[in-house]
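Here's a short tour to read alongside the model.

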Amino acid sequence: MISTKALVSLAALSIAGFPAQAEEISPEIGGCLNAVGTYLTKRVVKIKEKTRVDRGLIALTNGGHAFVTDSAEGGVAGYQPFSDGRGSWKCLGHTDGKAKLKIVMFDFTTSPNADDNRYMARITTLAEASPDTGDVTGSTTVEFLSIDADPDSTETVRDPVSYDFTGVRLRISE
């Protein structure tokens with residue numbers, strides 16, 4: 001019998017366009033296997049004096065892979081449109097029954113205007129996920145790098161953007 005967690009992970013991989021197949025459990029996720037799944041996140045941001053709500057999907061696999069889709073991908077005031085993000089995650093331990101996670105992903109800006117500069121964004125998230133409730137909270141920092149930069153570069157092309165978020169793990173109803 002396949003567990004709900006496995007089904008959610010396989011569904012996330014299928015949606016992402018990858019073949020649904022079993023992965024080896026990554027040693028990087030260690031004791032946080034219960035954090036594997038897909039989370040619907042919400043953040044409230046203020047851009048140019050307007051408050052807006054953005055949503056996202058973060059999928060974490062048992063192989064240590066991370067995927068993100070963001071409702072702001074089409075672009076918002078002052079920012080170019082961007083792609084889905086891909087990356088990795090690892091377990092930082094547990095506090096009060098919550099899994100502490102570090103997720104690092106990359107995405108790329110896109111633009112209908114060929115003259116616009118394209119950038120690579122490093123998205124670093126620190127989060128806590130509760131296996132009991134399915135709740136997740138965290139903070140994310142987005143750093144914009146030159147498209148040809150080393151992914152570990154500290155030379156950013158604009159000021160980083162940071163935000164906090166809340167969310168819940170998606171579960172399949174009986």
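D96 sits in the loop between β4 and β5; strands such as these (E, at least two residues), like helices (H or I, at least four residues), are DSSP runs, numbered from the N terminus. This residue has a positive phi of about 50 degrees, even though it is not a glycine. Is D96 buried or exposed? It's exposed, because its relative accessible area is 76%. On this scale, buried means under 20% relative accessible area, exposed means over 50%, and partly exposed is in between, using a 1.4 Å probe and protein chains only.

A quick word on what you're looking at: this is a predicted model, where local features need pLDDT of at least 70 and side-chain atom pairs count only at pLDDT 80 or more, while totals for chains, interfaces and linings use all residues. Residues are numbered from 1 along each chain as its sequence is written, and side-chain values use heavy atoms, with hydrogens and water left out.

**The overall layout**

Zoom out now. The protein has one helix and eight strands, and from the N terminus on they run α-β-β-β-β-β-β-β-β. Out of 174 residues, 36% count as buried. The accessible surface comes to about 10,000 Å², and 53% of that belongs to carbon and sulfur atoms; areas like this come from the Shrake-Rupley method with a 1.4 Å probe, and for residues only the protein chains shown count as cover.

Take the contacts between residues at least 6 apart in sequence: 51% of them join residues at least 24 apart.

**A link between two cysteines**

A disulfide is a covalent bond between the sulfur atoms of two cysteines.

**A hole inside**

On a 1 Å grid over the protein atoms alone, a cavity is a set of points where a 1.4 Å probe fits but cannot get out, and its lining residues have an atom within 4 Å of a point. Grid points are joined across faces, edges and corners, and the volume is the space filled by probe spheres set on the points. The structure holds one cavity of 30 Å³ or more. The largest cavity has a volume of about 50 Å³.

Which residues line the largest cavity? They're Y39, I58, L60, L101, I103, T125, A127, V136 and F165. The elements that give two or more residues to this lining are β2 (50-60), β5 (98-108) and β6 (119-129). By class, the lining has eight nonpolar residues, one polar and no charged ones. For that count, Ala, Val, Leu, Ile, Met, Phe, Trp, Tyr, Cys and Pro are nonpolar, Asp, Glu, Lys and Arg are charged, and the others, Gly among them, are polar.

| Pair | Apart in sequence | C-alpha to C-alpha |
|---|---|---|
| P160 and A121 | 39 residues | 9.5 Å |
| T124 and I103 | 21 residues | 5.8 Å |
| R169 and G134 | 35 residues | 4.9 Å |
| V44 and R55 | 11 residues | 9.0 Å |

P160 lies in the loop between β7 (135-146) and β8 (161-169). It counts as partly exposed because its relative accessibility is 42%. Leaving out residues up to four places away in sequence, P160 touches T141, V142 and E143.

T124 belongs to strand β6. Setting aside neighbours within four places in sequence, its contacts are K102, I103, V104, S139, T140, T141 and E143.

R169 is in strand β8, and it counts as buried because its relative accessibility is 9%. V44, in strand β1, is exposed, because its relative accessible area is 53%. Not counting residues up to four places away in sequence, V44 touches T51, R52 and V53.

Key
On a 1 Å grid over the protein atoms alone, a cavity is a set of points where a 1.4 Å probe fits but cannot get out, and a pocket is an open set with protein on both sides within 12 Å along at least five of seven lines; lining residues have an atom within 4 Å of a point. Contact means heavy atoms within 4.5 Å.
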